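Biologist: Could you walk me through this model, beginning with the core?
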Amino acid sequence: MANFPVINLQKLNGEERQATMEKINDACENWGFFQLMNHGIAHELLDTVERLTKDHYKKCMEKRFKELVASKALEGIQAEVKDMDWESTFFLRHLPDSNFSEISDLTGEYSKVMKEFAEHIEKLAEELLDLLCENLGLEKGYLKKAFHGSRGPNFGTKVANYPSCPNPKLVKGLRAHTDAGGIILLFQDDKVSGLQLLKDGEWIDVPPMRHSIVVNLGDQLEVITNGRYRSVEHRVIAQTNGTRMSVASFYNPGSDAVIYPAPPLIEGKEEGKNLIYPKYVFEDYMNLYAALKFQAKEPRFDAMKAVNSSTATA
């Protein structure tokens, strides 16, 4: 098995640019995941995000999680739990509207730092989308424009902690799924592991690396690239050796963005030929995904095709 792809973004500025672009393309085609080093986000900022996120969990989230575990009698589970995840989470929405003011237990310092972090992650996500455009032969800005909708992208951060689990064989930290959206940038714990992706029928560990950003592709990039790039199933394995931090930022299409394969990526000139992915409004896909997140993505695409067909014949 090949090594998990690690991309040094600094090499885009020198003689190794072409080789680095090829490495990114290979990761998008064959892994759906890659890890970034030298991504331009200051290590000091990442260290502060980590410190404040772990402090926030200890002060505001840990007690709630323990109460949840107790209420569901999960401490002494004997059978596999299939309807919940061993995680403690909250969601910060950045664009098009912020929800920071609605989260009462965010300190002023934590809120300020997360806003600064989000600005850097948003910029990095858009840079990555343009690198993908370059590899795909699409004009610069195509993917950002495809995500835009009438109010710009949906952009938010899921802050999660995966506490130490007494029975990791019986409950997942997060059940297997693909991500519904566009491009996902993850800042994860560099000591406690747990994230895995499915490749060639095997679950592969995503190695924790200090100050790195893990990138994965969502369902919408699979559709827009007409399957050249693919979203990949992944999961989090609960651990017994400590709490794992995960700060995952989702750069997704706007709710009313219309998603469809990019015309230059459709082989054959005959209209509709080789069009294996549907055309739909992103919000409609998300409404479907909410009910089917932990199921295979292919039936979701088929369902959107069926909606299109019924609309066209109505």
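Modeller: In this predicted model, local features need pLDDT of at least 70, side-chain atom pairs count only at pLDDT 80 or more, and totals for chains, interfaces and linings use all residues. Residues are numbered from 1 along each chain as its sequence is written, and side-chain values use heavy atoms, with hydrogens and water left out. The largest nonpolar core has 78 residues, of which Phe-34, Leu-36, Met-114, Leu-128, Ile-183 and Leu-185 touch the most other members. Such a core is a set of buried Ala, Val, Leu, Ile, Met, Phe, Trp, Tyr and Cys residues joined through side-chain atoms within 4.5 Å, where buried means under 20% relative accessible area, with a 1.4 Å probe and protein chains only.

Biologist: Which helix gives this core its largest share?
Modeller: Helix α3, residues 108-136, does, with 14 residues; helices here are DSSP runs of H or I with at least four residues, numbered from the N terminus.

Biologist: Changing topic, is Thr-53 buried or exposed?
Modeller: Thr-53 is buried, with a relative accessible area of 1%, and lies in helix α2, residues 43-71.

Biologist: What does the side chain of Thr-53 make a polar contact with?
Modeller: The partner is the side chain of Tyr-110, at 2.9 Å; a polar contact is a pair of N or O atoms within 3.5 Å, and within protein one must be able to donate a hydrogen and the other to accept it, while residues adjacent in sequence count only if both atoms are side-chain atoms.

Biologist: And how far apart are the C-alpha atoms of Thr-53 and Asp-85?
Modeller: They are separated by 20 Å, the two residues being 32 residues apart along the chain.

Technical notes. Buried means under 20% relative accessible area, exposed over 50%, partly exposed in between (1.4 Å probe, protein chains only). Helices (H or I, at least four residues) and strands (E, at least two) are DSSP runs, numbered from the N terminus.
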